[in-house]
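Open the model in your viewer and keep the selection tool at hand. The tour moves from stop to stop, with a short note on what to look for at each.

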Amino acid sequence: MKIKFIILLFASVWFALLVRIFFLAVESNSYYSKLSLQNTIKHEKIAPVRGEIVDIHNRPIAINKLGFKIELAPHLLGKKHKKEFDREIALLMKLLPSLDRKKIIKNYKKKDSFYNHNYIDVVNFIPYKEMMPVYSILNLEKNIKIVSAPKRFYPYGNIAAHMIGYVARANEKDIEKNPTLELIGYTGKTGLEKFYNNYLQGTPGEREIKVNANNQEVEELSYKAPKEDRKLKLTMDIELQKYISSLFVGKVGTFVVMKRDGSILAAGSFPNYNLNIFVSGMSYKMYNELSSSLDHPFTNKLTHGLYPPGSSIKPLLGLLYITTKLTKNWSVDCLGKIRISNRTFRCWKKKGHHHTDIVKAIRESCDVYFYEGSLVLGNEAMSKGLKRYGFGKKTGIDIPNEFIGVVPSREWKMKKYHRAWNIGETANMSIGQGDFLVTPLQIARETALIATGKLITPHFAKEIGDKPYDIQYKDVLTQKERRKLPIIRKAMYEVCNSPHGTATHYVHSKVTIAGKTGTAQVIGIKQDIKKRKLEHELSYYNRSHAWFTTYGPVKHPQYIVTVMIEHGGHGGHAAGAIVSDIYNKLLELGYIKK
């Protein structure tokens with residue numbers, strides 16, 4: 001029995017060894033073949049070229065400059081290859097003396113590791129003209145790789161900077177959200193560049209290549225081109241944009257020129273900045289100067305600026321008045337002030353406007369009319385109506401992170417401040433003051449609602465590739481409101497054309513327009529002050545913001561032009577000439593027919 005057991009055990013061991021040998025020699029052959037292929041065949045992603053942005057006439061607004069990036073082979077910092085590394089750095093500095101030696105070494109050390117077998121980016125961009133004379137020399141070096149690398153360029157510099165936006169190096173958060181950025185390196189950070197980033201960046205291509213044990217390319221096995229050639233065509237006219245920007249030299253504020261369907265022909269925020277400084281990076285000194293400015297050049301005031309609307313809100317609020325608890329014939333006797341609780345609420349006109357109906361109240365911007373009306377209507381009805389008209393909500397423009405503003409109400413105040421509403425706040429709200437905050441774009445859309453009867457969606461995109469932008473609008477007005485709109489339009493016409501209109505003396509437009517001025521206070525006026533200081537007597541940052549929002553031509557409204565000048569004082573005085581010049585330019589360029 002013992003002999004049989006020993007023979008059986010011996011046979012079992014040999015059988016197990018034979019099975020293992022068979023598995024290693026035959027069955028695992030395909031596995032190790034695939035593993036060996038991974039050592040010899042490499043898949044390399046190809047970065048797409050970012051799509052261009054053009055204006056309505058196909059003039060380039062954001063393009064790509066042709067250039068190259070420089071990569072160095074990995075693992076050159078060890079003792080064995082350190083001399084090679086030093087030699088390659090010396091060669092780069094000799095042929096391209098404009099390069100930063102310390103930065104090259106820093107970039108290399110940051111990404112070199114035992115586990116990295118890919119070439120390392122050490123120089124992000126060298127212009128085509130600078131590289132061409134030395135390209136053939138560098139291309140012979142086994143440790144240096146020259147790769148095509150376009151760089152974003154903005155031909156118009158600071159024109160429409162906040163709207164177009166810029167691209168910059170992608171950070172870890174960007175890459176986490178969009179892994180493709182690890183390959184591309186750059187991403188849209190603001191404006192249209194950010195909103196349409198996923199479209200503009202394209203889709204990477206791929207190469208399948210055979211490499212040797214030293215990671216050197218032997219043969220290209222397959223090639224799949226990246227999906228690019230993506231163009232974003234805007235509704236913007238860059239020449240009109242340049243002209244209007246020249247009108248804002250030395251001013252702080254914003255403007256928008258918009259067609260009745262929401263297409264934006266021009267829009268700007270001031271002060272602005274040159275977009276190209278963000279592509280390559282700016283100095284800390286320059287960044288600190290811009291970021292610490294009291295005029296906030298980094299803020300896109302059109303969509304991110306929050307301001308009291310002042311009297312620019314009166315046309316829509318007036319429409320709400322005469323279609324709810326009041327009638328078009330309802331009037332007040334304005335004596336220049338009104339007493340509410342323990343406070344005196346003044347009209348801007350010290351002696352008052354006397355008998356005032358809705359048309360006169362808008363034409364001459366009578367505050368007492370709107371104070372009295374708000375007490376009849378009440379805060380709840382005012383807030384609900386204004387929200388229905390589009391305030392306190394995003395307009396839907398194709399610019400990222402749009403602000404919504406504030407339409408104050410009892411519920412809002414209790415939630416934010418844990419305090420009860422008071423009737424004085426209702427009166428303040430009726431003239432666009434207090435906690436009531438809007439963006440200039442919301443005021444432009446309000447004006448379009450009066451001009452067209454539709455709540456439009458503002459937009460810059462005209463064509464995304466071969467697809468036209470989907471124009472959208474909403475019907476938010478009641479039947480009664482639509483019937484009463486002509487009354488508000490008549491009043492806005494008289495603002496710009498009647499001898500008593502608040503804008504008439506400041507308008508020199510060759511196009512007949514309708515509109516509303518606004519003066520939004522930035523500081524409160526104490527109750528015991530008998531005589532107000534004039535705007536020009538106040539220190540600059542205490543002066544009111546100036547609004548002037550318009551539409552034209554009056555008979556067939558085609559364009560909305562809204563201008564807001566920070567600390568500009570009276571709306572008509574500060575913005576009347578600018579608005580007039582804009583309409584005259586629209587006429588000159590053929591957008592408006594004579």
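Start by selecting Lys-585, which is buried, with a relative accessible area of 16%. Keep in mind throughout that this is a predicted model.

**Stop 1: a pair in α24**

The side chains of Lys-585 and Glu-588 form a salt bridge, at 3.1 Å from N to O. Both residues sit in helix α24 (residues 571–588), three residues apart, so about one helical turn separates them. An α-helix has 3.6 residues a turn, so residues three or four places apart point the same way. Now colour by accessibility. Glu-588 is exposed, at 59% relative accessible area, whereas Lys-585 is buried.

**Stop 2**

Select helix α23, residues 479–497. Pick out Lys-490 and Glu-494, which lie four residues apart in this helix, about one turn. Their side chains meet in a salt bridge of 2.7 Å, N to O. Lys-490 is partly exposed, at 44%.

Together with Lys-490 and Glu-494 they are linked in a network of salt bridges. Side chains of opposite charge can pair when their charged atoms come close. Across the whole structure, a search finds 20 salt bridges.

**Stop 2: a link between two helices**

Next, select Glu-425 and Lys-413. Their side chains meet in a salt bridge, 2.9 Å from N to O. The pair links distant parts of the chain, with Glu-425 in helix α21 (residues 423–430) and Lys-413 in helix α20 (residues 410–417), twelve residues apart. Check the accessibility of each. Glu-425 counts as buried at 17% relative accessibility. Lys-413 is buried too, with a relative accessible area of 5%.

**Stop 3: Ser-383**

Move to Ser-383 in helix α19, which covers residues 379–388. Ser-383 is buried, with a relative accessible area of 3%. Which residues does Ser-383 touch, not counting those up to four places away in sequence? Select Val-407, Pro-408, Ser-409 and Met-429 to see them.

**Stop 4: an enclosed helix**

Select residues 440–452, helix α22. This helix has 13 residues and reaches 18 Å from its first C-alpha to its last, close to the 18 Å expected at 1.5 Å a residue. Show the surroundings. Of its 13 residues, 13 are buried, so α22 is largely enclosed by the rest of the structure. Step on to Gly-453, which follows α22 and has a positive phi, near 80°.

Now select Ala-451 and His-556. They are 105 residues apart along the chain, yet their C-alpha atoms are separated by 8.9 Å. His-556 lies in the loop between β24 (545–552) and β25 (559–565). His-556 is exposed, at 59% relative accessible area.

**Stop 5: a sheet of three strands**

Select strands β4, β5 and β6. They form an open sheet with the order β5-β4-β6 and antiparallel pairing. β5 (120–127) and β6 (144–148) stand at the edges, each with a single partner strand, so one side of each has no neighbour in the sheet. On average, neighbouring strands here are turned by 25° against each other, direction ignored.

Zoom in on β4, residues 67–72. Five bridges join β4 to β5, and the two run antiparallel. Highlight Ile-70; its bridge partner in β5 is Val-123.

Then bring in the helices. Helix α3 (residues 82–95) packs on the sheet, touching β4 and β6. Its direction makes about 160° with that of β4. Helix α4 (residues 101–111) lies across β4 and β5, running at about 145° to β5.

**Stop 6: the cysteines**

How many disulfides does a search of the whole structure find? The count is zero. Cys-347 counts as buried, at 3% relative accessibility.

Finish at Cys-496, which is in no disulfide. Its nearest cysteine sulfur, that of Cys-366, is 18 Å away. Cys-496 is buried, with a relative accessible area of 4%.

Definitions and conventions: Residues numbered from 1 in each chain as written. Predicted model: local features only at pLDDT ≥ 70, side-chain atom pairs only at ≥ 80, totals over all residues. Heavy atoms only, no water. Buried < 20%, exposed > 50% of the residue type's maximum accessible area, 1.4 Å probe, protein only. Contact = heavy atoms within 4.5 Å. Expected span 1.5 Å × (residues − 1). Pairing = 2+ DSSP bridges. Axes fitted to C-alpha atoms, helices over the stretch in contact; angles between N-to-C directions. Salt bridge = Lys/Arg side-chain N within 4 Å of Asp/Glu carboxyl O. Disulfide = S-S within 2.5 Å.
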